[in-house]
Amino acid sequence: MQMDKSIALISILCTFFFACNNAAPEQVSIPVKGNIKDLHWLRGQWQNVSNEEIAFETWEVNNDSELHGISGFINGNDTMVSEAISIKQRGNSMLYIPMVKDQNNGAPVPFVLIVADHDSFVFENKAHDFPQKVTYQKISGDSLCARISGNIDGQYHEEVFP
């Protein structure tokens, strides 16, 4: 009888061990349908003013399938553009494509739209080092919140830009 209990215990432990070590593979981002016209509210200049500097993002509608933006900082009389961004409609899917001068060898990094409604959208690229997600949420007609998030060295990190 003691042997039966030991075998059962070993069997349970092995099952638990293999279940914990055989985690499901990372889920693949599934693009969602989106219409770039739903993002036209982004058009204009957005600013976050602090005592030290002004962070800004400026967006314009390029054509029926693209928005273009730049982001950067104004410190006194100095303006530094840190990023050029495109949002492109490709069929029913959309891509958010930032290019940061000193990152990724200056190459664009595409993020796929995974969540969309009239007041918010989320783009994702799980293969990117950081961020893996870019989120924009319209708060009101003159206010938005942008957020970048993801893992850095296995730890979740998030930066918020009101």
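Two strands are taken to pair if DSSP finds at least two bridges between them. In the predicted model, β4 and β5 form a hairpin with two residues between them. Glycine 91 lies in the turn of this hairpin and has a positive phi of about 65°. The two strands run antiparallel and are joined by eight bridges. Within this pairing, alanine 84 stands opposite methionine 99 in β5. β5 also pairs with β6 in the antiparallel sense, here over two bridges, and tyrosine 96 stands opposite phenylalanine 111 in β6.

The chain as a whole contains one helix and 10 strands. Along the sequence the pattern is α-β-β-β-β-β-β-β-β-β-β. Of its 162 residues, 29% count as buried. Among contacts with a separation of 6 or more, 28% are between residues 24 or more positions apart.

In soluble globular proteins, nonpolar side chains tend to be buried together. In this model, the largest nonpolar core has 22 residues. Those with the most contacts inside this core are Leu42, Trp59, Ile87, Tyr96, Phe121, Phe123 and Tyr136. At least two residues of the core are supplied by each of β4, β5, β6 (111-116), β7 (120-124), β8 and β9. The largest share comes from β9, with three residues. Leaving aside residues up to four places away in sequence, phenylalanine 123 touches Leu39, Ile87, Met94, Leu95, Tyr96, Phe111, Val112, Leu113, Ile114, Gln132, Lys133 and Val134. Two of these contacts, Ile87 and Tyr96, are themselves listed with the residues that have the most contacts inside the core.

The largest pocket has a volume of about 900 Å³. Its lining comprises 38 residues, of which Glu57, Ser71, Glu83, Ile148 and Phe161 are the closest to the centre of the pocket. Two or more lining residues are given by each of β1 (44-49), β2 (54-63), β3 (66-75), β4 (78-90), β5 (93-100), β8 (133-140), β9 (143-152) and β10 (155-161). β9 gives the most to the lining, with five residues. By class, 21 lining residues are nonpolar, nine are polar and eight are charged.

Conventions:
Residues numbered from 1 in each chain as written. Predicted model: local features only at pLDDT ≥ 70, side-chain atom pairs only at ≥ 80, totals over all residues. Heavy atoms only, no water. 1 Å grid on protein atoms, 1.4 Å probe; cavity = no way out; pocket = protein on both sides within 12 Å on 5 of 7 lines; lining within 4 Å. Points joined across faces, edges and corners; volume = space filled by probe spheres on them. Helix = DSSP H or I, 4+ residues; strand = E, 2+ residues; numbered from the N terminus. Nonpolar A, V, L, I, M, F, W, Y, C, P; charged D, E, K, R; others polar. Core = buried A, V, L, I, M, F, W, Y, C linked by side-chain atoms within 4.5 Å. Buried < 20%, exposed > 50% of the residue type's maximum accessible area, 1.4 Å probe, protein only. Contact = heavy atoms within 4.5 Å.
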